[in-house]
Amino acid sequence: MKKIVLASGNKKKVKELTELFASFNYQIIPQIELGVVDAPETGTTFVENAIIKARHAAKVTGLPAIADDSGIEIDYLKGQPGIYSARFAKMNGITAEQCNNDWDQANNDLLVQKLDGVGTEKRTGRYQCILVFMRHADDPTPLICHGAWEGRILESEVGTNGFGYDPLFWSPEHQCASAELSPEQKAEISHRGKALRELMAKLPSYL
């Protein structure tokens, strides 16, 4: 079984990606288990950040690496928070003390605030996911896969599944919030599920 390091420090994201990989014949090892610390995300796009993270993990471990960079874009906010989705509240001046270190909740609260009073038709947005596979740290042609999930932003949180902005993201496919979907339902239609299926289709001929 091929060992691949997963370059992510987000425990919830690692859990979701590991579950998605379960049906494929690859042993995915989260970078934290190999002593790899998070690489600074200094890129200005999802693609740049995913490559930075994959290259760092591959360099430290000597293994092929997969990295995910994803986030949510809101049309009314001109694409925000985008690549800063996980740091949305922090970049808007919220401190760890103010949110009790619950950044998911702080991010959601801020998004609700910024869209307060905005009509349903203007609350459109999408999740974006870039998955990058690098055979080694100096791989000149990394495999880059993309998935997007269109939806809209709710006025308040619904559901307890998933993570991040899922309680606020309305899925038109199932007519419910992403946080009301089972992991299996979400994997079928999500940005991450789409990117992963593309990756798995291309990976055998790439290794």
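**View 1. Gln175 counts as exposed, at 52% relative accessibility.** Exposed means over 50% relative accessible area, buried means under 20%, and partly exposed lies in between, with a 1.4 Å probe and protein chains only. Gln175 sits in the loop between β6 and β7 (176–177). Its phi is near 55°, a positive value in a residue other than glycine. Most residues other than glycine have a negative phi, and most peptide bonds are trans. Helices (H or I, at least four residues) and strands (E, at least two) are DSSP runs, numbered from the N terminus.

The model is predicted: local features need pLDDT of at least 70, side-chain atom pairs count only at pLDDT 80 or more, and totals for chains, interfaces and linings use all residues. Residues are numbered from 1 along each chain as its sequence is written, and side-chain values use heavy atoms, with hydrogens and water left out.

**View 2. Asn100 also has a positive phi, of about 55°, although it is not a glycine.** Asn100 belongs to the loop between α3 and α4 (103–114). With a relative accessible area of 69%, Asn100 is exposed.

**View 3. Gln80 and Pro81 are joined by a cis peptide bond.** Omega is about -5°. Pro81 lies in the loop between β3 and α3 (88–91).

**View 4. Ser171 is found in strand β6.** Ser171 is buried, at 0% relative accessibility. Its side chain makes a polar contact of 2.8 Å with that of Glu173. A polar contact is a pair of N or O atoms within 3.5 Å; within protein, one must be able to donate a hydrogen and the other to accept it, and residues adjacent in sequence count only if both atoms are side-chain atoms. Contact in general means heavy atoms within 4.5 Å. Leaving aside neighbours within four places in sequence, Ser171 is in contact with Trp149, Cys176, Leu181 and Ile189.

**View 5. Lys186 lies in helix α5 (residues 183–189).** Is Lys186 buried or exposed? Lys186 counts as buried, because its relative accessibility is 6%. Beyond residues up to four places away in sequence, Lys186 touches Glu16, Trp149, Gly162, Phe163, Asp166, Ser178 and Leu181.

**View 6. Pro167 occupies the loop between β5 and β6 (169–171).** Pro167 is buried, with a relative accessible area of 9%. Its contacts, apart from neighbours within four places in sequence, include Asn108, Leu154, Val158 and Ala179. Pro167 and Leu181 are 14 residues apart in sequence. In space, their C-alpha atoms are 10 Å apart.

**View 7. Helix α2 covers residues 46–61.** Among the buried residues of α2 are Phe46, Ala50, Lys53 and Ala57. An α-helix has 3.6 residues a turn, so residues three or four places apart point the same way. The cover over the buried residues of α2 includes β1 (2–7), β3 (65–74), β4 (124–134) and β5 (143–153). Just after α2, Gly62 takes a positive phi of about 80°.

**View 8. Cys129 and Cys145 are too far apart for a bond between their sulfurs.** A disulfide is a pair of cysteine sulfur atoms within 2.5 Å. By this rule the count is zero disulfides. Cys129 is buried, with a relative accessible area of 0%. Cys145 counts as buried at 0% relative accessibility.

Methods:
The expected span of a helix is 1.5 Å times one less than its number of residues.
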